Amino acid sequence: MTSDLATTHVGGMRSNDRERGVVYYGDNLPILRDMASASIDLIYTDPPFNTGKKQARTQLRTVRDPNGDRTGFKGQRYRSTKVAERAFDDDFDDYLAFLEPRLEEAHRVLTISGSLYLHLDYREVHYAKVLLDSIFGRDCFLNEVIWAYDYGARTKKKWPAKHDNILVYVRDSEQYFFNVEEVERIPYMAPGLVGPEKAARGKLPTDTWWHTIVPTNGKERTGYPTQKPLGIVRRIVQASSRPGDTVLDFFAGSGTLGEAAYELGRRFVLIDDNEEAVEVMAGRFAEMEAVSFVGLDARQNQFVERQGELLS
Ligand SMILES: C[S@@+](CC[C@H](N)C(=O)[O-])C[C@H]1O[C@@H](n2cnc3c(N)ncnc32)[C@H](O)[C@@H]1O
């Protein structure tokens, strides 16, 4: 693979002040390796979980249609038809060997005040925590955020697992950026006990976040199977970055981090090696200004062709 990142991109962004976001299509490891050290202020990333299951994906063909169900590049309407149901493997023989070099690069590209939020589930979180302790240092572990939700079937064979784990590590335990005052406040559980003024202001969240999953038919839904709620990712961006900062997600999926970053005035770098993810992002970011798409690997031509189809 050849890349022009080193010469024309700074920290994964083109050295152009006006650029608000860039989406790379390709395996994240070589792209991360090409990124400048200390160039990213915040990483939120959500790798495929090692569930041993197949994740279902619907493959769509998109054609221009003024009455279509999706908005694509330049606000054009498109109609999507299902052409196939595809499955991607959410199972790795050696999950940690897959994650380790990527997390090493994550550590390298973070600025001295930067943070990493690694979104995992209960089956992998303890292994990943030991790995991150070795890469970042135990003193750089900041939090384990529990995202609790209440959705789906409930087994009666054990306590139903209804949470994800988000490990938070900082690049430097003395110099990291964290501003909880920027985070949207949440309602008190018993507002009657705290008085009207406090009740109206709400309280700051703790390390346990109750938040619904992405509603199955809400406006936020992109159709990408593993899409995470904007409310969760927005809170991370608010607390651990400043306006103008650059944020990165190298397992970007539907691009939730990009949407939160754009809304909050941060620049974003997103990477995914699945063309459906990149197509979903192209639709999701269609109304945004100064966002570019870069195909870097052998499939670049195919990607360019597909983008051509979207544009034609
Ligand atoms: C759990 S999903 C991320 C979902 C995302 N947080 C969202 O809100 O939509 C994980 C993503 O990692 C991508 N992925 C897996 N291996 C990758 C690799 N080596 N390089 C780049 N992306 C990869 C998959 O295609 C998938 O879209």
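A residue is termed buried here if 20 or more other C-beta atoms, placed from the backbone, lie within 10 Å of its own, exposed if 12 or fewer do, and partly exposed in between. The structure is a predicted model, in which local features need pLDDT of at least 70 and side-chain atom pairs count only at pLDDT 80 or more, whereas totals for chains, interfaces and linings use all residues. Residues are numbered from 1 along each chain as its sequence is written.

Helices (H or I, at least four residues) and strands (E, at least two) are DSSP runs numbered from the N terminus. In strand β12 (residues 246-249), Thr-246 and Leu-248 point one way while Val-247 and Asp-249 point the other way, and all are buried. Strands are taken to pair if DSSP finds at least two bridges between them. By this criterion β12 pairs in the parallel sense with strand β4 (residues 40-45) over two bridges, and Leu-42 stands opposite Val-247 of β12. A parallel pairing over four bridges also joins β12 to strand β13 (residues 267-272), where Val-247 stands opposite Phe-268. From β12 the chain crosses through helix α7 (residues 256-263) to β13, in a β-α-β crossover that is right-handed, meaning that, with the strands pointing away from the viewer, the path from the first strand over the helix to the second runs clockwise.

Helix α7 is largely enclosed by the rest of the structure, because seven of its eight residues are buried; these are Thr-256, Leu-257, Gly-258, Glu-259, Ala-260, Ala-261 and Tyr-262. With contact defined as C-beta atoms, placed from the backbone, within 7 Å, the buried residues of α7 pack against β3 (21-25), β4, α6 (230-240), β12, β13 and α8 (275-284). Just after α7, Gly-265 takes a positive phi of about 75°.

Thr-256 also belongs to the surroundings of the ligand, where a residue counts as near if its C-beta atom, placed from the backbone, lies within 6 Å. The ligand is surrounded by 18 residues, of which the closest are Phe-251, Gly-253, Ser-254, Thr-256 and Asn-274. This shell comprises six nonpolar, seven polar and five charged residues, where Ala, Val, Leu, Ile, Met, Phe, Trp, Tyr, Cys and Pro count as nonpolar, Asp, Glu, Lys and Arg as charged, and the others, Gly among them, as polar.

Most residues other than glycine have a negative phi. Ala-38, although not a glycine, has a positive phi of about 50° and lies in the loop between α2 (28-34) and β4.

Definitions and conventions:
Two residues are in contact if their C-beta atoms, placed from the backbone, lie within 7 Å.
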